[in-house]
Amino acid sequence: MRYDKNFEIIMDYTLKIEGGFNYRKNDLGGRTDKGITQSTYNAWRKKKGLPLKDVKGIDEAKQLYYEEFWLPSGASKVEDLREGYMLFDMAINSGPNEAIKLYNQANGNIYEFIKYRKKFYDNLVNNKPNQKEFQNGWYNRLNIIENNINDMINKGYYVPPYSKDITPYDSKFNNENLNS
């Protein structure tokens, strides 16, 4: 299967965050491998007419991410790699519908998106106190994503439209830049 360039770039970062097999008693996702829950894997295999299989050792993670999170979240249609990454990651973390809702509330602003995600996590913990043990991990995930976004820019995967702007902090700044 062929995937678009942004998805390929973002998947490298995503798989590093998600890690391997995990099963913790209070985790709402249950048994998870490479960030994919057993229930998501079951539903995906059923949809494809395939027999159910243990998520541990999943080898179709990339295809499942593409079909169930990348495309439905709309991340494939977002030009800004950073926004697409945030949208996709939220879709993985809480489903495409929640991701789209928060993305729209944030008006595509990644820093507002982060604030809304933190608020989402706080509300989740308030409504389900047994999820408190995961809150720091969710916040850490956001920090990792911010670092990954900076890495994407540093590696030249994405060049922000404002990157050529001269600001008062640049050595080439002079008052004439204000009127250009």
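Biologist: Which residues of helix 5 are buried?

Modeller: This is a predicted model. In helix 5, which spans residues 96-105, the buried residues are Pro96, Glu98, Ala99, Leu102 and Tyr103.

Biologist: Where do they fall, seen down the axis of helix 5?

Modeller: They fall within an arc of 160°, so the buried residues line one face of helix 5.

Biologist: You mentioned helix 3 and helix 4. At what angle do they pack?

Modeller: Helix 3 (residues 61-73) and helix 4 (residues 81-94) pack at an angle of about 125°, and their axes are 9 Å apart. That angle makes helix 3 oblique to helix 4. The crossing of the two is right-handed.

Biologist: Which residues meet there?

Modeller: From helix 3, Tyr65, Phe69, Trp70 and Ser73 meet Gly84, Leu87, Phe88, Ala91 and Ile92 of helix 4. By class, this contact has 7 nonpolar and 2 polar residues, with no charged ones.

Biologist: Let us change topic. How are helix 1 and helix 7 packed?

Modeller: Helix 1 (residues 5-18) packs with helix 7 (residues 132-154) at about 150°, and the axes are 11 Å apart. Angles over 145 degrees count as roughly antiparallel, which means that helix 1 is roughly antiparallel to helix 7. This crossing is right-handed.

Biologist: Which residues make that contact?

Modeller: Helix 1 contributes Ile9, Ile10, Tyr13, Ile17 and Glu18, which meet Arg141, Ile144, Ile145, Asn148, Asp151 and Met152 in helix 7. The residues of this contact divide into 7 nonpolar, 1 polar and 3 charged.

Biologist: One last point, on isoleucine 58. Is that residue buried or exposed?

Modeller: Isoleucine 58 is buried, because its relative accessible area is 2%. The residue is found in the loop between helix 2 (38-47) and helix 3.

Biologist: What does isoleucine 58 touch, leaving out residues up to four places away in sequence?

Modeller: With those left out, isoleucine 58 touches Asp33, Lys34, Ile36 and Tyr41.

Biologist: And how far is isoleucine 58 from glycine 20?

Modeller: The two are 38 residues apart in sequence, and their C-alpha atoms are 9.7 Å apart in space.

Terms used. Residues are numbered from 1 along each chain as its sequence is written. This is a predicted model: local features need pLDDT of at least 70, side-chain atom pairs count only at pLDDT 80 or more; totals for chains, interfaces and linings use all residues. Side-chain values use heavy atoms; hydrogens and water are left out. Axes are lines fitted to C-alpha atoms, for helices over the stretch in contact, and angles run from 0 to 180 degrees between N-to-C directions. Helices (H or I, at least four residues) and strands (E, at least two) are DSSP runs, numbered from the N terminus. Angles under 35 degrees count as roughly parallel, over 145 as roughly antiparallel, 65 to 115 as roughly perpendicular and the rest as oblique. A crossing is left-handed if the near helix is turned anticlockwise from the far one by less than a right angle, and right-handed if clockwise. Contact means heavy atoms within 4.5 Å. Ala, Val, Leu, Ile, Met, Phe, Trp, Tyr, Cys and Pro count as nonpolar, Asp, Glu, Lys and Arg as charged, and the others, Gly among them, as polar. Buried means under 20% relative accessible area, exposed over 50%, partly exposed in between (1.4 Å probe, protein chains only). The arc is that of the directions from the helix axis to the C-beta atoms.
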